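Before reading on, please take a moment to look over the sequence and the fold shown below. This short report then walks through some parts of the structure in turn.

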Amino acid sequence: MNFHVLTLFPDMITGGLNTSIIGRALEKGLLTLKAIDIRDFSENKHRRVDDYPYGGGAGMVMAPGPVYRAYQHVKELIDTRVDEMNQNLSLVNVDNNTEVKKDENIVNFKKTRVIYLTPQGKVFNQTMAEEFSKEEDLIFLCGHYEGIDERVLEMIVTDPVSIGDYVLTGGELPAMVMIDAISRLVPGVLNNDTSAEFETFQDNLLEYPQYTRPEVFMEKSVPEVLLSGHHANIDTWRRQQSIVRTVNNRPDMIDKAVLTKKEQKFLDEYLKSKE
Ligand code: SAM
């Protein structure tokens with residue numbers, strides 16, 4: 001998976017994402033991350049990229065030219081790489097004396113998605129992270145000031161995405177949030193394959209509480225069932241805890257939760273006990 005981030009603050013992106021799990025995945029080559037400085041594509045001798053808004057009003061607006069040229073640069077790099085891959089693929093097939101079946105092996109290079117981080121976009125969630133994690137390349141466009149000239153957004157953006165209903169100073173933190181959430185779904189990035197499978201938002205439920213050593217901490221014990229070694233009971237307890245957490249912390253999710261008849265009965269009884 002290859003991330004390309006168009007930004008005015010490339011150090012923020014590379015510095016913020018090169019540690020821990022994502023850092024290791026970058027080292028292993030499971031992910032690549034390139035931060036492209038939009039200022040490098042300014043034609044102004046002071047590397048200026050913003051200007052006053054037409055029609056007046058507060059703040060500055062990022063000009064379309066540098067953003068468009070930065071995008072074109074990245075797009076060309078992606079297209080060249082995909083083109084080379086396709087050429088190699090054809091060579092392998094010729095060597096093997098096999099026929100190249102059109103559209104089957106050839107990588108499509110016209111579809112790279114461009115995500116514009118904006119508080120006006122669709123709010124990011126786990127389902128979107130799963131969808132984006134299937135892409136080979138993703139381009140992120142980070143705005144600043146009052147945002148970016150609308151014309152270039154109309155030309156290049158495929159997915160306007162927000163990370164929540166609040167306004168930040170720039171798109172770098174939202175891009176990093178998205179890259180982190182998407183990366184951990186890329187096969188091999190997490191050590192334990194199952195750790196991305198059973199967690200919060202799976203089945204529209206929040207994850208159950210977690211405990212580790214010591215067994216007793218400041219007179220608070222780990223729930224008995226977790227020490228029992230009885231896996232079926234542990235699974236049932238965890239599902240019930242997930243249900244309780246979801247109904248208390250995120251009541252908006254519980255109606256969409258996928259529950260068995262037994263679990264629905266447990267939920268009904270739990271809600272009754274709270275009345
Ligand atoms: N004037 C813009 C508006 O009202 O929609 C807000 C601009 S904001 C100060 C500057 C930049 O921060 C945006 O262009 C966007 O890239 C980023 N940004 C701010 N809040 C965000 C959010 N909740 N999600 C994603 N990006 C955000």
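In this predicted model, the buried residues of helix α7 are covered by elements that include α8 (251-254) and α9 (261-274). Those buried residues of α7 are I234, W237, S242, I243, V244, T246 and V247. Helix α7 itself, residues 231-249, has 19 residues and reaches 26 Å from its first C-alpha to its last, which is close to the 27 Å expected at 1.5 Å a residue.

In the loop between α8 and α9 lies V258, and, leaving aside residues up to four places away in sequence, V258 touches D203, R239 and E263.

Elsewhere, 5 strands form an open sheet with parallel pairing, in the order β2-β1-β6-β5-β7. Its edge strands, each of which pairs on one side only, are β2 and β7, and from one strand to the next the twist averages 30 degrees. Strands β1 and β6 run parallel and are joined by 5 bridges, and within this pair V5 stands opposite F140 in β6.

Helix α6 packs on the sheet, where it touches β1, β2, β5, β6 and β7, and the direction of α6 makes about 160 degrees with that of β6.

| Strand | Residues |
|---|---|
| β1 | residues 2-7 |
| β2 | residues 32-37 |
| β5 | residues 113-123 |
| β6 | residues 137-142 |
| β7 | residues 159-162 |

How values were computed: Residues numbered from 1 in each chain as written. Predicted model: local features only at pLDDT ≥ 70, side-chain atom pairs only at ≥ 80, totals over all residues. Heavy atoms only, no water. Pairing = 2+ DSSP bridges. Helix = DSSP H or I, 4+ residues; strand = E, 2+ residues; numbered from the N terminus. Axes fitted to C-alpha atoms, helices over the stretch in contact; angles between N-to-C directions. Contact = heavy atoms within 4.5 Å. Expected span 1.5 Å × (residues − 1). Buried < 20%, exposed > 50% of the residue type's maximum accessible area, 1.4 Å probe, protein only.
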